[in-house]
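Student: Hi! I have a protein open on my screen and I'd like to go through it with you. Can we start?

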Amino acid sequence: MNASLFPKSFFSSPFRPARGLENPHLQTVFATLHRRRPPQLLRLRREIMLPDGDHILLDCHMPSQPDTGAPLTLIIHGLGGSSDSHYVLGLQKALALRGWPSAAMNCRGSRRPNQATRAYHAGASDDVISVLNVLASEEPQRKIALAGYSLGGSMVLKALSELGDDARLFGGIAVSVPLDLARCADRMDRGLSRAYRKHLLDGMGELWRAKIRFFRQTGRMEEARLLLKHVGSGRFRSFWEFDQQVMAPLHGFTDVHDYYRSCAPNRFLSGIRAPTLIIHSTDDPFMDPGVVPGTEHLSAAIHFELAGRGGHVGFIGGSLRRPVYYLEERIPEFLMHLRRAGS
């Protein structure tokens, strides 16, 4: 794909929130509370072995009448999510309606306790690339698009930077990404964002406690003790505390500052060579406007779509009675645009 066809740009998003959902918090929580699982989406569960002996679970959809020239879209969920997250299922359904295949990745430990002491984090591009390597080897003629949401978007942007001009890549999409990890951790300590912080940290604490129980049940007592040392009761008061106590030491970082500095997605934007769409809202309650990078930090391959409203992985238009999920229209539209441009 010729990235020069898509010069770097910021542009104002055409998205408009549904009447009654203008508030960023309503945008953020509406689908989680009110959306039903998309019907008639048949997925095949498969396990991918990673180079370190751990595993990744994928939920894959291949349309009954596939578009043979379409890319395979690898979708990565956000923190605390899974392949069953509404935005993942929604995108898979939207792609399926076009006859395009997809694979929804469950990051390490998101579905069941994984084998390694590590899990996933903002810089876990190695897992994304490992899965891409397997999928590409199985269908060498089919290119792969990477789509990530929130923390999954962080992983995607870093992977795109590391893959560079890799011929297997079709393009990338990243939605509601915490582009500056330190700023986002600070933002989660203010106002109503503290409710999201509590929800996410409670969930992550339980996942890590479940892993400790799994290690104990399987006789891996030394690893269980290591995790218990860092996880403790599983209750954390801030992302700074959680990332300092758990994420940094268990994933090879010196401390939380090293983690945030090394994995901040803004660091990797200039190195992206595959055509990439970044969708971001300035009212996202998970971050502040200061995370938006300057144009000098964007590579020529990036389209940065900036909305004034949309919340965090929200972008719900239409009406309350008939909501329209903008991301499920915009992302396939972008991929189809890339396909037409590359044909």
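Predicted model: local features only at pLDDT ≥ 70, side-chain atom pairs only at ≥ 80, totals over all residues.

Student: Where is K211 found?
Tutor: Look for helix α6, which holds K211.

Student: And is K211 buried, with or without a salt bridge?
Tutor: K211 is buried and has no salt bridge. The nearest side chain of opposite charge belongs to D54, 6.0 Å away. A salt bridge needs the nitrogen and oxygen to be within 4 Å.

Student: OK, holes next! How many cavities of 30 Å³ or more are there?
Tutor: The count is three. The largest cavity has about 70 Å³ of space. K211 turns up again in its lining, along with R108, G109, N114, A119, Y120, M204, L207 and W208.

Student: How does that lining divide by class?
Tutor: The lining of the largest cavity has five nonpolar, two polar and two charged residues.

Student: What about pockets? What volume does the largest pocket have?
Tutor: The largest pocket has a volume of about 920 Å³. It is lined by 37 residues, and the closest to its centre are L79, S150, L200, F286 and H312.

Student: Which element gives the most to that lining?
Tutor: That's α6, which gives seven residues to the lining of the largest pocket. By class, this lining has 23 nonpolar, 12 polar and two charged residues.

Student: And the second largest pocket, what is its volume?
Tutor: About 220 Å³. There are 13 residues lining the second largest pocket, with R46, C60, M62, L72 and E139 closest to its centre. At least two lining residues come from each of β2 (44-49), β3 (55-61), β5 (102-106) and α3 (125-138).

Student: Let's switch to charges. How many salt bridges are there?
Tutor: The count comes to 27 salt bridges. One of them pairs E47 with R112, at 2.5 Å from N to O. E47 is in strand β2 and R112 is in the loop between β5 and α3, so this pair ties together parts 65 residues apart in sequence.

Student: Which residue forms a salt bridge with E162?
Tutor: K158 does, with the closest N and O atoms 2.7 Å apart. E162 is partly exposed at 45% relative accessible area, whereas K158 is buried at 13%.

Student: Last topic: where is H280, and why does it count as buried?
Tutor: H280 is in strand β8 (residues 276-281). H280 counts as buried because its relative accessibility is 1%, and buried means under 20%. Beyond its neighbours within four places in sequence, the contacts of H280 include V177, L179, M287 and F315.

Student: And G234, where is its place?
Tutor: G234 is in the loop between α7 (221-231) and α8. At 7% relative accessibility, G234 also counts as buried. Its contacts, leaving aside neighbours within four places in sequence, are L201, G205 and R209. The C-alpha atoms of G234 and L201 are 8.4 Å apart, although 33 residues separate the two along the chain.

How values were computed
Residues numbered from 1 in each chain as written. Heavy atoms only, no water. 1 Å grid on protein atoms, 1.4 Å probe; cavity = no way out; pocket = protein on both sides within 12 Å on 5 of 7 lines; lining within 4 Å. Points joined across faces, edges and corners; volume = space filled by probe spheres on them. Helix = DSSP H or I, 4+ residues; strand = E, 2+ residues; numbered from the N terminus. Nonpolar A, V, L, I, M, F, W, Y, C, P; charged D, E, K, R; others polar. Buried < 20%, exposed > 50% of the residue type's maximum accessible area, 1.4 Å probe, protein only. Lys, Arg positive; Asp, Glu negative; His and termini not counted. Contact = heavy atoms within 4.5 Å.
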